[in-house]
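This report describes one protein chain for a reader who is new to structural work. Please keep the sequence and the structure in view while reading.

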Amino acid sequence: GYDRAERFNTPAAAMRPWNALWNHLASHPAFVDELWAKQPFKLSSPIPFAVGCFGLAEIEAYSHTYPAHYAASGVLTKQEGGWMMKGMAQQDAPQGDPTAMQFSDIQRTLATGTVSLSNAGFFMPPAAAICASLLEAVQLPIWLNIYVTQPGKASSAPPHTDKQDVIAVQAQGAKRWRVFAPPSPNAKMEADPFTRGKGTDILSLDELEAPLIDTVLEPGQVLYIPAGFPHVTDTCNGVTSPDTSVHLTLGVDTHVWDLSYACMRASALRRAGLSPLLSSTFSLNKLDREDWLLLHAPLPLGFSAAAVLPPRGASPADAEALLVQHMASSLGERMITVEPERWAGRDAAALVEELSLGEVAERYLTHYRNVMAIERQVYADAVYQTRPITATYERAQPHLDALTNVMQGLGAWSEGKPEPTPPPST
């Protein structure tokens, strides 16, 4: 009854059950210690309130809040590979806001392939509420796309990787997922391991080992895929539901916003006037899979900082100092592990001092907080829709501009240049 009342009295989804789900996940020892950023898994039981949480009816109901230019359909740029999103054609004259998506265009496009509603969490109130709930549970930046696929499609998405850790929530219909361990980055050094199978790159199943997971997601079921783990989907093999598949892809965006040891390393080396290339010559993709993953692990921020922070009672300043020290020393250890010859004769403590890794860690902690502050504004704006706008894209654009400014600021700081002035606040 309380959940129904909450849903009735807000323009968004009831957040209390989502809060409980995400808090349970973010505090579960197995997820924190063994699975986060390391292994894919599927929750054993469907989540009742996730069934139908955002299906075709909700997409139609909230289409007027969503900018048409973000909607796209998946296409192949080359035979059997090279997946990319092509803007969805608008054929119907918009009613009201000319920038808003028309549901009839989605229905028409579905016949040709999967429809993607990118950044849906920035615009549609129920999707934004789910994002806000996950953001507060994991204390990390969140993004949400919605994917819609007709049943009977032999390929919903070809093999590819994503830069985000993905939490897929099946809302309607069913979809088969196969998830694989990442191929070694040095097998194709020119490709970005986080965007394999996209654009002009082809990721073949022949490059991959046997699937770690081969499952059909039914309504209410949840699947977690770490960033960089290849996956492929269809609505044909093993799918018996006659309903159109709708699933939410919640992205945990540590890598999108450079919150990894690899990015922290690059900043430290650039500030020291050193090359971020391996031995000043080679791409990081020359590393074997284990060393590459070690260096590209997400920083211990958000929920994952719990293992590092001191017991209750410590002051915020002491907790921050301990976290900064851990980030700096852990980066030093990882750098020595992956480039022992370059850093011969130094231990982690020496590298922390030589490269001012403590200062770099402090700057990355500030960067993380800046990103989180903006994302909280994004989702509050999208949930409650209180700021007047004249076109749908204006709902998110000031926040996207602010995020761009934050990224430019980190880049400028890393190069020892003046940071740009933040855009006016909304």
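Asn405 lies in helix α12; helices (H or I, at least four residues) and strands (E, at least two) are DSSP runs, numbered from the N terminus. The model is a predicted one, in which local features need pLDDT of at least 70, side-chain atom pairs count only at pLDDT 80 or more, and totals for chains, interfaces and linings use all residues. Residues are numbered from 1 along each chain as its sequence is written, and side-chain values use heavy atoms, with hydrogens and water left out.

With a relative accessible area of 12%, Asn405 is buried. Buried means under 20% relative accessible area, exposed means over 50%, and partly exposed lies in between (1.4 Å probe, protein chains only). Leaving aside neighbours within four places in sequence, Asn405 is in contact with Pro420, Thr421, Pro422 and Pro423, where contact means heavy atoms within 4.5 Å. Gly411 also has its place in helix α12, but at 33% relative accessibility it counts as partly exposed. Gly411 and Ala382 are 29 residues apart in sequence, and their C-alpha atoms are 28 Å apart in space.

Helix α12 covers residues 397-414, and its 18 residues reach 26 Å from the first C-alpha to the last, close to the 26 Å expected at 1.5 Å a residue. The expected span of a helix is 1.5 Å times one less than its number of residues. Among the buried residues of α12 are His399, Leu403, Val406, Leu410 and Trp413. An α-helix has 3.6 residues a turn, so residues three or four places apart point the same way. The cover over the buried residues of α12 includes β5 (142-149), α7 (261-271) and α11. Just after α12, Gly416 takes a positive phi of about 75°.

## Helix α6

Helix α6 (residues 125-138) has 14 residues, which should span 20 Å at 1.5 Å a residue; its end C-alpha atoms are 20 Å apart, which agrees. Of these 14 residues, 13 are buried, so α6 is largely enclosed by the rest of the structure. Just after α6, Gln139 takes a positive phi of about 55°.

## The nonpolar core

The largest nonpolar core has 98 residues, and those with the most contacts inside it are Trp22, Ile59, Leu117 and Ile146. Helix α11 (residues 357-384) gives the most to this core, with 13 residues. A nonpolar core is a set of buried Ala, Val, Leu, Ile, Met, Phe, Trp, Tyr and Cys residues joined through side-chain atoms within 4.5 Å. Not counting residues up to four places away in sequence, Leu117 touches Ile59, Met101, Leu144 and Ile146, among others.

## Thr99 and its surroundings

Thr99 lies in the loop between β3 (81-87) and α5 (103-109). The residues that Thr99 touches, not counting those up to four places away in sequence, are Tyr66, Pro67, Ala68, Ala391, Thr392 and Tyr393. Thr99 and Tyr393 are 294 residues apart along the chain, yet their C-alpha atoms are separated by 7.4 Å.

## The chain as a whole

The secondary structure of the chain comes to 12 helices and 12 strands. The C-alpha atoms fill a box of roughly 65 × 50 × 40 Å, taken along the principal axes. Of the 426 residues of the chain, 53% count as buried. Among contacts between residues at least 6 apart in sequence, 79% join residues at least 24 apart.
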